[in-house]
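Q: I've got a structure open and I'd like to learn how to read it feature by feature. Can you walk me through?

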Amino acid sequence: MLAYLVKRLGLAVLVALTVSVIAYMLLYLSGDPALAIAGEGARQADIDLIRKTYGFDRPLIVQYGDWLLKLLRGDLGVSMYFKTDVAPLIFSKLSTTLLLAVYALTVALVISVPLGVLAAIYKNSWIDRLCLAVAVVGQSMPNFFFALILIMLFSISWRLLPVSGSGTWQHFVMPAITLGYYAAPAFMRLIRAGMIEVLSADYIRTARAKGLPTHTVIFKHALRNAIVPVVALAAVQLGFLLGGSIVIETIFALDGLGYLAYQSITFKDYPVTQIIVLLLSVIYILLTLASDVANAWLDPRIRVA
Amino acid sequence: MPGWIHAFGWPDMKNNKALYVGCGLLLIIFCMAIFAPWLSPHDPYFQDLTYRTVPPVWYEQGTWLHPLGTDQLGRDYLSRLFYGARISLLIGASVAVISGLIGCTMGMLAGYFGGRIDMIVSFFVTTRLSMPVILVALATVALVGSSMWVVIMVLGLLKWDRFAVVMRSATQQVRAMEYVAAAQSAGASTLRILLTEVLPNVLPHLIVIATLEAASAILLEAALSFLGLGVQPPLPSWGLMISEAKSYMFFSFWLIAIPGTALAVLIFAINLAGDGLHQWLTPQERG
């Protein structure tokens with residue numbers, strides 16, 4: 001177990017380092033970052049000043065090394081647009097996005113667990129087809145289009161929820177539904193397939209033969225076993241939801257990390273963009289690490305592979 | 001790995017209706033795109049400011065002159081919809097080809113050689129998966145400068161992960177086959193084995209993944225354009241049309257509903273065709 005843990009942790013650190021290189025190098029995609037920050041028609045003197053202030057005149061490897069060392073010491077740099085330290089700026093928004101991701105995950109599970117179970121029990125019936133339709137619509141509809149439909153219905157027609165902004169729980173309802181519905185089909189597919197497999201297992205037949213009531217068999221015996229892979233998927237999906245929240249937060253002007261990322265990109269606030277790319281990647285790396293370690297702990301066969 | 005392959009994952013759909021319906025819908029959209037100049041009642045870029053936000057024909061104020069109405073600049077919406085299909089299909093196909101070439105090469109090499117090459121490719125895949133696609137794409141497009149070709153290149157360079165994962169495991173299976181050993185002992189070069197023995201046998205998987213990736217690329221392009229950092233005006237990208245109509249959604253929701261539905265139908269058609277193809281091309285995995 002220890003050897004596996006060390007190996008897996010080493011891989012995570014290596015991946016995080018590679019991502020940090022890519023996140024830093026994003027800056028150079030524009031060609032000359034000093035020129036990009038100064039904007040078109042800037043005087044040469046200003047460009048030179050920017051180059052010197054931000055240290056773009058140093059060799060690339062020195063710039064990256066300096067940036068990384070500061071990161072490791074907890075200095076995330078200064079935002080060019082908001083003129084404040086990046087660290088407090090990002091951590092003040094992180095809770096909103098994490099909250100949204102957790103709500104969305106809850107919505108996804110609330111939709112997908114009952115529908116997945118129903119679809120499996122009534123395999124190939126009209127109920128199964130109906131569940132399929134729900135999954136298909138969720139997978140095919142662009143999530144920003146779905147968000148606009150929700151705004152049209154809940155905010156404009158029925159005046160139940162605020163169109164945009166953040167602060168109260170009402171602001172989270174539509175973003176969470178949009179993101180959750182987007183993530184639900186993957187869970188539904190997994191739960192349906194898992195339930196079908198489990199329901200044909202011998203121990204389910206035994207439980208039924210013993211005369212246990214159907215709901216006990218389905219919820220206590222079958223679902224418990226079918227839900228195991230869902231936990232691993234949940235960790236991965238949570239990472240995707242954090243990334244996917246950029247579109248949703250922008251539509252609803254929900255003041256989280258995604259909206260900040262969008263703002264930093266449009267305002268060419270590179271230090272903030274770099275840190276958000278790195279932070280979201282690191283969260284994903286940690287989530288997959290946790291899920292892998294949990295799996296290895298539960299299933300000894302994985303540790304040797 | 002069925003989870004990687006199925007779009008909707010209902011493998012016991014009977015008679016492969018999915019393939020017929022999906023391909024039928026796709027064919028209609030293809031025809032819309034190819035014959036856009038002949039089908040369109042108007043020039044999609046022509047602005048007629050006296051005819052702004054005319055509603056579609058099923059509304060009271062609608063007119064057959066503009067069957068789907070006009071947008072906020074008085075451009076015929078049906079014509080823009082037809083020309084927009086060109087953009088979506090072009091992006092889906094180009095991204096699938098670029099990312100397919102990258103991912104397929106990586107996956108086949110990893111699956112065939114194993115060992116160190118496999119480790120390196122797996123590392124690339126893990127790294128790529130850990131970065132949020134939409135955020136990196138947005139940042140890159142904003143830095144390089146947004147245009148349709150930049151969007152295609154960026155998405156193509158980002159979306160090879162699923163190709164690599166599936167091609168790797170498919171190649172591993174094929175590699176263990178006797179005909180590969182036979183080709184090796186006959187003295188065939190590695191490149192020849194990869195192209196004439198392995199590739200034809202992993203092709204079904206490749207095609208299925210390509211359809212799924214095309215659908216996902218179209219959705220990503222729409223999202224980028226919706227955020228104003230993808231395809232630029234006046235091109236009639238469906239995502240951009242939704243974005244431009246946002247300020248008019250209160251009175252003219254159809255400006256959003258029409259391109260939004262078009263996108264949903266296209267994605268639905270591609271995913272359905274992909275599922276159908278999967279059942280048709282790899283029957284042994286139907287389960």
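This is a predicted model: local features need pLDDT of at least 70, side-chain atom pairs count only at pLDDT 80 or more; totals for chains, interfaces and linings use all residues.

Q: How do I check the length of a helix, say helix 1 of chain A?
A: The expected span of a helix is 1.5 Å times one less than its number of residues. Helix 1 of chain A has 24 residues, so it should span 34 Å, and the 35 Å between its end C-alpha atoms agrees with that.

Q: Which residues of helix 1 of chain A are buried, and what do they pack against?
A: The buried ones are A:V15, A:V19, A:A23 and A:Y24. They pack against helix 4 (60-72) and helix 13 of chain A, and also against helix 5 (115-130) of chain B.

Q: Now chain B. What is its secondary structure made of?
A: Chain B has 12 helices and zero strands. Its C-alpha trace spans about 75 × 45 × 30 Å along the principal axes, and buried residues make up 52% of its 287 residues. For contacts, take the pairs in chain B at least 6 apart in sequence: 72% of them join residues at least 24 apart.

Q: What does the length check give for helix 4 of chain B?
A: This helix covers residues 77-113, so its 37 residues should span 54 Å; the end C-alpha atoms are 53 Å apart, which agrees. Helix 4 of chain B still bends by about 25° at B:G100. After the helix comes B:G114, with a positive phi near 65°.

Q: Why is helix 4 of chain B said to be largely enclosed?
A: Because 28 of its 37 residues are buried, the rest of the structure largely encloses it.

Q: What should I look for in a nonpolar core?
A: In soluble globular proteins, nonpolar side chains tend to be buried together. Here the largest nonpolar core has 172 residues, and those touching the most other members are A:A104, A:I276, B:L135, B:A137, B:L138 and B:A223. Helix 10 (residues 190-226) of chain B gives the largest share of this core, 19 residues.

Q: Which residues is A:I276 in contact with, leaving aside neighbours within four places in sequence?
A: Within its own chain, the partners are A:I90, A:L257, A:L260, A:A261 and A:S264, and from chain B there is B:L135.

Q: And how do I read the interface?
A: The size of an interface is often given as the accessible area lost when the parts come together. Here we can count residues: chain A and chain B each put 38 residues into the contact. On the chain A side, helix 13 gives the largest share, seven residues. That side divides into 26 nonpolar residues, 11 polar and one charged.

Q: Last one: how is chain A divided into domains?
A: There is domain 1 (32-75) and domain 2 (94-267). Taken over C-alpha atoms, the centres of these two domains of chain A are 43 Å apart.

Definitions and conventions:
Residues are numbered from 1 along each chain as its sequence is written. Chains are lettered from A and ligands numbered from 1 in the order in which they are written. Two residues are in contact if their C-beta atoms, placed from the backbone, lie within 7 Å. Helices (H or I, at least four residues) and strands (E, at least two) are DSSP runs, numbered from the N terminus. Ala, Val, Leu, Ile, Met, Phe, Trp, Tyr, Cys and Pro count as nonpolar, Asp, Glu, Lys and Arg as charged, and the others, Gly among them, as polar. Domain bounds come from an automatic or database domain assignment. The bend at a residue is the angle between axes fitted to the seven residues ending there and the seven starting there. A residue is buried if 20 or more other C-beta atoms lie within 10 Å of its own, exposed if 12 or fewer, and partly exposed in between; C-beta atoms are placed from the backbone. A nonpolar core is a set of buried Ala, Val, Leu, Ile, Met, Phe, Trp, Tyr and Cys residues joined through C-beta atoms within 7 Å.
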